[in-house]
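I opened my notebook to record what I looked up, one topic at a time.

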Amino acid sequence: MGGTTVWCYRSILTRLLCQPEADLASSLSARVSGISGSGKLTPSQVAKNIIAVLEDCDKSTPPLRAIVQWDQEQIMLMAEASTARYRNKCPLSYLDGIPVCLKEEFKVVPYYHRVGTVYLGTEPETEDATVAKKLREAGAVIIGVSNMHELGTGTTGCNPNRYHKIPRNPYKPNHFTGGSSSGSAAAVAAGLCPVAIGTDGGGSVRIPASFCGVVGLKGTFGRISGHGSLPLSYSTVSVGPICTSVADAAIVYSILAEPDPLYPYGLKQPKATLSDMCAPDLKGLKLGVDWTFFKACDAEILSVCEKAMEYLQNLGASVVEVSLPEMEEVKIAHAICILSEMRDFLQPDFNKHFQEMNLETRASLALGSQFTALDYITANRQRTRSMRFLREIFTTVNCILTPAVASTAPRIHESDLLTGSSNISFTMRSMRFMQLGNFTGIPGLVVPIGYSTAGLPIGFQVMAKWWDEAVLLRIGLKLEQFRHQTKKPTIHYDILA
């Protein structure tokens, strides 16, 4: 290639963590494109491919609408800088040259911080959110900001406003992606980039990851800095990556997870580690399951998840039956907390921009206005109880297992394109296995493990005690091996072609 040192997407997790190198995981973009990682390209060449894809994917019928803001000049500047570093044999990190996108909830220079609305972000940003800054410092190529459910108020990803439109599920374009980190999951599943960053206040990373057949990690509350994202709910929202593989998620987590002086919630956190992640088996691990809770999902999902459980047992883990107390109370208390906090923060918006909000957003914020101070105090007392229950449970097991979502991605109806979608019953059901993690702050990992008869992805969730993301990633690597086949989505771009 003109005599310069070439750069390739190579196997990097094993180089980072496991010696000697094993055939554990392919590289970030090699995994997303389904190749071995032996192809050699420069970041600049890949960036040109991505720009061509971005121009194409929103001209398709229907348009993908995964990335809602991007800038060709910005992408090429970052990619060319990375290419020069590889030529000089001085890459900044294992993410150098890797294409990434960030949910529009984050401030990213020079894009508009719209947060899924038509009224926020009237001027381009001049300062990055902490996660955007750290990705730049690692050499990642930010390809733009991704679509999201307006103000994070729903779990479908349905956002009919003029700047966003409804992102499409790459597996079945007439189905939703899930939300609220909708475009992030769609971008990864469609091959636009192998890494996206989202936020998760009620499953907003894990639900779209499950619906789109990719990996989603919600870190412990405060583990990854939320500085520079709109503080919609200050007690429930965690930041996390959506990736093509567990290995990819581990790499991104290892770079982003550390205290940030600008984000007080994570200042006292222990050092993030990936200890024992590459262990050959799961011997010694105790997997907690509340079977009554676990089985509250569609029969097709339950069948696949039960088989995945058996697979983990065959690798040496033991299944321990546990009881998750007061889960109905958790469901209500979480809803009270997140809606009350969002309603409080968005009070000026609700008064001034009510007519510019989607109908579902108006309904959610109006509901939040009905909760009293007594409701909020009672909900937080429930949080204290639930955290105490979990501390006791985690003295006997290493993690808690559940299906990711109780159903697969729902279908998009014609009316949704014009007026949006509002289905409280679906919203609560989609969050069923998510709320405990948001309410108590424990981390959760969603891994794709199979497909429905209709061809829609099915996910599995692992939750662990606070700050123990390492055990999630260890189990997640094994869950990936359970899935014997990865089906190519209907919408998929090979950015290495």
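Before reading any packing angle, I noted that a helix axis here is a line fitted to C-alpha atoms over the stretch in contact, and that the angle is taken between N-to-C directions, from 0 to 180 degrees. I also reminded myself that the model is a predicted one.

Entry on H3 and H4. I looked up helix H3, residues 43-57, and helix H4, residues 72-87, and found that they pack at an angle of about 160 degrees, with their axes 8 Å apart. Because angles over 145 degrees count as roughly antiparallel, I wrote down that H3 and H4 are roughly antiparallel to each other. The crossing of H3 past H4 is right-handed. On the H3 side I listed contact residues including Ala 47, Ile 51 and Leu 54, and on the H4 side I listed residues including Ile 75, Met 76 and Ala 79. Sorted by class, this contact holds eight nonpolar, four polar and three charged residues.

Entry on H8 and H18. I then turned to helix H8, residues 246-256, and helix H18, residues 469-482, whose axes come within 9 Å and cross at roughly 160 degrees. That angle makes H8 roughly antiparallel to H18. Here H8 passes H18 in a left-handed crossing. The residues that meet are Val 246, Ala 247, Ala 249, Ala 250 and Tyr 253 from H8, and Glu 469, Leu 473, Gly 476, Leu 477 and Glu 480 from H18. By class I noted seven nonpolar, one polar and two charged residues in this contact.

Which residues of H5 are buried? I found Thr 130, Val 131, Ala 132, Lys 134 and Leu 135 to be buried, and what covers them includes strands S2, S3, S4 and S6 together with helix H8. After H5 comes Gly 139, which has a positive phi near 90 degrees. In the loop between strand S2 and helix H5 I located Thr 126, which counts as exposed because its relative accessibility is 74% and the cut-off for exposed is over 50%. The C-alpha atoms of Thr 126 and Leu 282 are separated by 47 Å, and these residues are 156 apart along the chain.

Entry on cysteines. How many disulfides does the structure hold? I found zero. For Cys 57, the nearest cysteine sulfur is that of Cys 193, 11 Å away. Cys 57 is buried, with a relative accessible area of 2%, and Cys 337 is buried too, at 0%.

Technical notes
Residues are numbered from 1 along each chain as its sequence is written. This is a predicted model: local features need pLDDT of at least 70, side-chain atom pairs count only at pLDDT 80 or more; totals for chains, interfaces and linings use all residues. Side-chain values use heavy atoms; hydrogens and water are left out. A disulfide is a pair of cysteine sulfur atoms within 2.5 Å. Buried means under 20% relative accessible area, exposed over 50%, partly exposed in between (1.4 Å probe, protein chains only). Helices (H or I, at least four residues) and strands (E, at least two) are DSSP runs, numbered from the N terminus. Angles under 35 degrees count as roughly parallel, over 145 as roughly antiparallel, 65 to 115 as roughly perpendicular and the rest as oblique. A crossing is left-handed if the near helix is turned anticlockwise from the far one by less than a right angle, and right-handed if clockwise. Contact means heavy atoms within 4.5 Å. Ala, Val, Leu, Ile, Met, Phe, Trp, Tyr, Cys and Pro count as nonpolar, Asp, Glu, Lys and Arg as charged, and the others, Gly among them, as polar.
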